[in-house]
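Subject: A structure for you to explore

Hi,

Here is the structure I promised to pass on to you. Have a look at it first, and then read my notes below.

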Amino acid sequence: MTATPAGVPIVEERPSAAERLTSLKLLKNAIVGNPKAKKAVVDEGAIYWMFDWLADIEYVGEDETLTWNVRVEAARVISTLANGCPYATLRLVRNRVIDALLLSITNLRPNRSKELDVALSTALKSVAASCSAIIGPLDSGLPEFYSHAERDEAKQVLERLFKVTIITLFVFELTAYLVHGVLCFQPDTMDVYLPMLERSTAAATELAYMLHACLSCWETSTPRRIMSQWSPSHLPHRPTPSPSRPRGGSPAGENSGGWVVDKLLSLAREDSPKACLLTPTLAQEAALLAVSALAADNPGLCGILTTPRPNDIGTGLAPLTLIFDLTLSLNSSVQFAALRCAARILRGCKEPPSQIKRMNRATFNPVLTLILQLNQAIVDTTLSLDLKTKCCYIFAILVTDSIPILDTIHQTKSLTTLLKILVDGRPSRETSEWADEVPRAAVRLREAAFLAIAAATLHTQENRREVLNSPVSYIDMVIEGLNDKHVNIRYAACHAARAMSRSTEVQQTTAMDSGLAEKLWEALQKEKDSRVEVVILMCLTNLKMFQQGAIQYIVGMMDRPETSVQLNAIWTIRNTLWRANPNEHQKVFTHMGFDRFYRHATLLTSNDRQVRQQAIILARNTTTSLQMFEFIREGLGLQRLFNALAEGLDIDEDELALQAACTLDNIACLVDRRLFLDQGALLTVLKKRVKTRSGRARHAVFQLLKSIAGDELGAKGLRERGFDVAIAEALRDADPLGMETDGGEWKITATQALKILNR
């Protein structure tokens, strides 16, 4: 069989099963460990006929075993292409590789080989893991840099894996073949692949790794809740989907953590906890990582996992007990997966349990036990740098904004252990000149230590004092990190500086005496990575420093294409001007320019709602005095300001509408109320907001109406436009139990506004 110079087999129009199998094996051997060959394969179009062979719909009447082998090899080629080659992954994604794999799983026959299940599960895992690496896990430091468009493509693939109720027609128009995968109704995507969790241990292991890869980079908790409530359609008592219950949920599943969690715990348990300690497997690691990903920001599931289960193999113990047993595993991969899982569960609980029972009925404090285990692992001289890095990230997961856990951190002096990592890894003068020679593992460890300390000091003053009063100079190490050649260290050092900058003591003393603010400003001017720039802006937001040239530079960052940079630049300006004097306000707006403040897609009228919200808050903070309002009115124009605020008030997002209403209320207290009566579009939006049934913005709207009706002419104008009737109807239709989002406080303000209108 002939091949291209890149090793891609040249396929005949209708090859036999044996020829297809040979082609796939040749292709797999050509691309293993060869990124250039992978790039050539996806560029030359080999993936098109490979998808056709994967689905195996056109080839009927051939040897069944041979056909299975063809599909197995096709899945293995996809898995090989996705591993370690983002370029190939993105090309696969653009050609709908996930749909091809899901279609292939849908077409599986009941008597297929388990090897085919494993191959398809592995392909799903490889594509999902590669997409997750492109997006970047949320709790493993700074990921490799990819463009916003590439990250969006990868995110859409993961969204596809959690899609619910999809009605579609699969038709793949390929170059060489047409795959007719026609489904009049495609069930929930999860209904396609999750039942394979009970097909075989090997397939379940690959799917567990896939779930961990997908969920570890997900910012919202919705997919985790849907997944934890899912159950296969063949189980009894499956309820009808409703808006309040995601499809797949069942009372039994909710009480036990869900069908998926039960299968994962069974995979982690093997025969018994004792057997797990003696014979650790990849299945256990995969199951623990998947449970950990499902537990993130999922308080309901975390509460179930910490509650004893009377029917659980007769032990009556909480699933968390099994996980803690696995933290003693002789296999380091299983051990650290269990530590990570335990940290996620404890962190996700509304109140971490103070005591849980072991098999021998002895009780222990899970939070204290976990922290001590992490400390012991960090100081273990026999442990590799990679495993110590994992410990630091697990530590960061555990301590994030949980005050009881942060207090335990302080009591156990755990920060001293983390500081020792920074001291030991501190580059000497000789090493700093050859920074590229520093092992990658050592760089990742310093990054993880900085991020762990940042997490532990972000929300508590006691922990900040502990690191600042330690014998080592922590601020000096942070400043050194700001100038490090490795972007990971700079990123982590900026997070450490941000945590310190939240302290008033640091702002007034340490930041000034050590020159931290000046070093941050210098680092911002030199930095080329937008992700690091964003964190520096967060630091400057807290420090409120008017450095020479800093305001003009940060204002210029508002024109950057990256939304995150734009958002944090305006946030920094907004925070800097909080309670600033009018001269400082005028200085900033002179640099900013009113055209930039207003024009489309930038600030007040930005398509990005977060950017628009921050711009409106800036306008709110600037309209607190008549002097500043007149300055803005002269530069921007009152009509443009009213138009922008009316648009913001009309957006269906409560916080943005709230800020717009509060800004308008500021203006109403400074100008002639009759100016509002000439704003037809604004009054239309106000009347619409009066009828909105819930949200904090409703209270602000009624406060605004009170201010407009502050004089007789304003009250008369509102009555003529029917606001008295609209308010009366809103009060009449109000929830009698007061269950609105703001607790029903708007009713008091609405009653006062109606009274003023009818006086």
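Let's begin in a loop: R96 sits between α5 (86–94) and α6 (97–106). Helices here are DSSP runs of H or I with at least four residues, strands are runs of E with at least two, and both are numbered from the N terminus. R96 is not a glycine, yet its phi is positive, at about 60°. Its relative accessibility is 35%, so R96 counts as partly exposed. On this scale, buried means under 20% relative accessible area, exposed means over 50%, and partly exposed is in between (1.4 Å probe, protein chains only).

Before going further, please note that this is a predicted model, in which local features need pLDDT of at least 70 and side-chain atom pairs count only at pLDDT 80 or more, while totals for chains, interfaces and linings use all residues. Residues are numbered from 1 along each chain as its sequence is written, and side-chain values use heavy atoms, with hydrogens and water left out.

The whole chain

How many helices and strands does the protein chain have? There are 44 helices and 4 strands. The chain has 759 residues, and 55% of them count as buried. Its accessible surface is about 32500 Å², with 51% of that belonging to carbon and sulfur atoms; such areas come from the Shrake-Rupley method with a 1.4 Å probe, and for residues only the protein chains shown count as cover. If you take the contacts between residues at least 6 apart in sequence, 71% of them join residues at least 24 apart. Contact means heavy atoms within 4.5 Å.

A pocket and one of its helices

Rolling a probe the size of a water molecule over the atoms shows where empty space is left. The second largest pocket holds about 800 Å³ of space. Of the 25 residues lining this pocket, P137, S140, H212, R340 and K390 are the closest to its centre. Two or more lining residues come from each of α7 (114–135), α10 (201–215), α15 (282–295), α18 (332–348), α20 (385–399) and α24 (440–457).

A word on how that was found: on a 1 Å grid over the protein atoms alone, a pocket is an open set of points where a 1.4 Å probe fits, with protein on both sides within 12 Å along at least five of seven lines, whereas a cavity is a set from which the probe cannot get out. Lining residues have an atom within 4 Å of a point. Points are joined across faces, edges and corners, and the volume is the space filled by probe spheres set on them.

What kinds of residue make up the lining? It divides into 12 nonpolar, 5 polar and 8 charged. Here Ala, Val, Leu, Ile, Met, Phe, Trp, Tyr, Cys and Pro are nonpolar, Asp, Glu, Lys and Arg are charged, and the others, Gly among them, are polar.

Now follow α20 itself. Is it largely enclosed or largely open? Of its 15 residues, 12 are buried, so α20 is largely enclosed by the rest of the structure. Among the buried ones are L387, C391, Y393 and F395. Their cover includes α18, α19 (366–379), α21 (403–411), α22 (414–424) and α24. The end C-alpha atoms of α20 are 21 Å apart, which agrees with the 21 Å its 15 residues should span at 1.5 Å a residue; the expected span is 1.5 Å times one less than the number of residues.

Just after α20, D401 has a positive phi of about 45°. K413, in the loop between α21 and α22, also has a positive phi, near 55°, and is a residue other than glycine. With 47% relative accessibility, K413 counts as partly exposed.

Some buried spots

- I727 is in helix α43 (residues 723–732) and is buried, at 0% relative accessibility. A753 is 26 residues from I727 in sequence, but their C-alpha atoms are 8.2 Å apart.
- V478 belongs to helix α26 (residues 474–482) and is buried at 1% relative accessibility. Beyond four places in sequence, V478 touches F450, A493, A496, A497 and L516.
- S79, in helix α4 (residues 64–82), is buried with a relative accessible area of 7%.

Happy exploring!
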